[in-house]
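Come along and check each entry against the picture.

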Amino acid sequence: MRRTVRARITAAAGSAVLLLAACGGGGDEPEVGVPANADEVSGTVVFWTYPLGVIDSVNWWQPHVEEFQEEYPDVEVEVVMQSFSNREEALITAIAGGNPPDVVYFNPDFIPQFADQDLLLPLDDLRDDWDRFYDASLASMTWQDTLYGAPLLMQKGVNMCHTDVMEAAGVDCPTTWEELRAAGPAVKDAGYYLTEYSGTSTLNHSFYQYLWMAGGEVLTEDLSAAAFNGPEGVEALEFIQEMVENEWVPLQPISVAEQFEQSQLAQGNVLYHSGGNLPHVRSVIDPGKIVTTEPLQHREQVAVGSVGAWSIFDTTSSPEAAQAWVHFLSEADFIEQFIAESGYLPPREDIEGLFADDPQVAEGIDHLDYVRTGVMHPKAREIIDVIRPHIQAALLEGQDAQVALDAAAAEVDALIARG
C-alpha cells in the first residue's frame, strides 16, 4: 500500500513539472548570486518554513524579516508556517497548482527528487564562503555536483552509554564494532541489552549506518544499481544478526515501532545507543546517567544525522529577492542566533563557543563531519521501503544475509530501471 501511495505522489510530481514548464518553469535559469545593488532588488518572497524545535511561530521570524528589510526595503517576505504532517503532499499540491513557494526548508532526501526535475535554483555561486561550512552539510544538499540547499542546521544522533549498565556489566562505553561485540556477553549476563536495532525506522539510522561503517554504499557510484549486497553489506547484516541471535538486542523494535518512552533504552536497560536525539533522550533519562562518546566505527567512522537547508524554486518570479533572503539566512550571525535558540547544531565551522555550558551537546559539534544523512537519489525513500522487509526477514526468520540482500538488490535494480 505504501509503495502505491508513493507512486501516486511521484506521478503527481511529474504532472507538476509539465504544468510548471508550460508556465515558464524549467526555462531560462535566473542568474545566481547576491544582487550587487540592494536598492534595485524588489519583489515578494513566499517563504515556507516548519516548526524547528521551539521555533514554531511566524512571530519568531518577524524581527529577522525586519532586519533583512533594512538592507532590502523593497522586498516583502511572506512567512508561511507549514506542518511537517503531509509535508511532501502539500508541496506537490502547491506545485501542481502552479503556486509553489519561492524559498522552502528542505532535508536532504528532497533535494534529488526536485533537482532531478529541474525545479531548483543552483546555489554554488550564492556565497563566496561555502568553505566555512562543514563538508557534510554541503554534501547532503548537493545533487550531481551542484549545490541546491543553503544549510541552516545540522543534527547528529547521540552516541551514548547508560552508566548503570556499564557499572553492572563492568564494561566501558564501546567505540568500535569489536568493543561492542566484546561487551555483549557481560551485558547479557548482567541482565541488560547491548544495544537496540529498529527494524521499522528509516534505514538511514539503522542498516545503512552499519553498511557505511563497514565501508559499503547503498548504490553504485553512478547511482545506477544496488551496491549494498556486496561483501560490506553482508558483513554489516551478519553483525546485526549476531546481536539478534545472541539476544543482545530486544526483539520487539525489529518489527514494531515503539514510542521512545516505552523502549528498553528509555527504561535504562540498554548499554549503548547510536542515533538518538539528545534533548529527547535527556527528557526521559537522567542526564547524569548518560555518557556520550564518539561515533561508532569499524572500517569507517559514521554518525547518523540530518541537515536542514533553504532551497529556491527556479519558478520564482523574484529570483534576486529570493537569493538575497537565502543569503541572509545562511550568514553566520543569523545561524548563530537560530542555533542558540533552537538547540540544533551549526552547519558552519566558524560559529564557535556555543553550548560551552553543555559539554554533551558541544561534543556533538566535534563530530559533525562524520554525519551521513542518507542516499542522494530521487527514489531514496522508495529504495528504503524495498530493502526494509528483506532486512527484517534476515533478522526475524534467520534468512541468509547474502540471500536476503541479493533479493532486495534485484528489486532495487528494477525500481531504478523503471526510471
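Entry one, the bond. I found that Cys161 and Cys173 form a disulfide, with their sulfur atoms 2.2 Å apart. I kept in mind that this is a predicted model. A disulfide is a covalent bond between the sulfur atoms of two cysteines.

I then asked myself where the two partners sit in the chain. Cys161 belongs to strand β7, residues 158-162. Cys173 lies in the loop between α6 (163-169) and α7 (177-189). The two cysteines are twelve residues apart, and the pair links distant parts of the chain.

Next I looked at the geometry: the link of Cys161 and Cys173 is right-handed, with 85° about the S-S bond. Are these cysteines buried or exposed? I noted that both Cys161 and Cys173 are buried. I also searched the whole structure for disulfides, and the search finds one.

Entry two, the helices. I turned to helix α9 (residues 231-245) and helix α15 (residues 380-396), whose axes come within 9 Å and cross at roughly 45°. Because of that angle, α9 is oblique to α15. I wrote down that α9 passes α15 in a right-handed crossing.

Which residues meet there? From α9 I listed Leu237, Ile240, Gln241 and Val244. Across from them, in α15, I listed Ile391, Ala394 and Leu395. Sorting the contact of α9 with α15 by class, I got six nonpolar residues, one polar and no charged ones.

Terms used: Residues numbered from 1 in each chain as written. Predicted model: local features only at pLDDT ≥ 70, side-chain atom pairs only at ≥ 80, totals over all residues. Heavy atoms only, no water. Disulfide = S-S within 2.5 Å. Helix = DSSP H or I, 4+ residues; strand = E, 2+ residues; numbered from the N terminus. Buried < 20%, exposed > 50% of the residue type's maximum accessible area, 1.4 Å probe, protein only. Axes fitted to C-alpha atoms, helices over the stretch in contact; angles between N-to-C directions. Parallel < 35°, antiparallel > 145°, perpendicular 65-115°, else oblique. Left-handed = near helix turned anticlockwise from the far one by under 90°. Contact = heavy atoms within 4.5 Å. Nonpolar A, V, L, I, M, F, W, Y, C, P; charged D, E, K, R; others polar.
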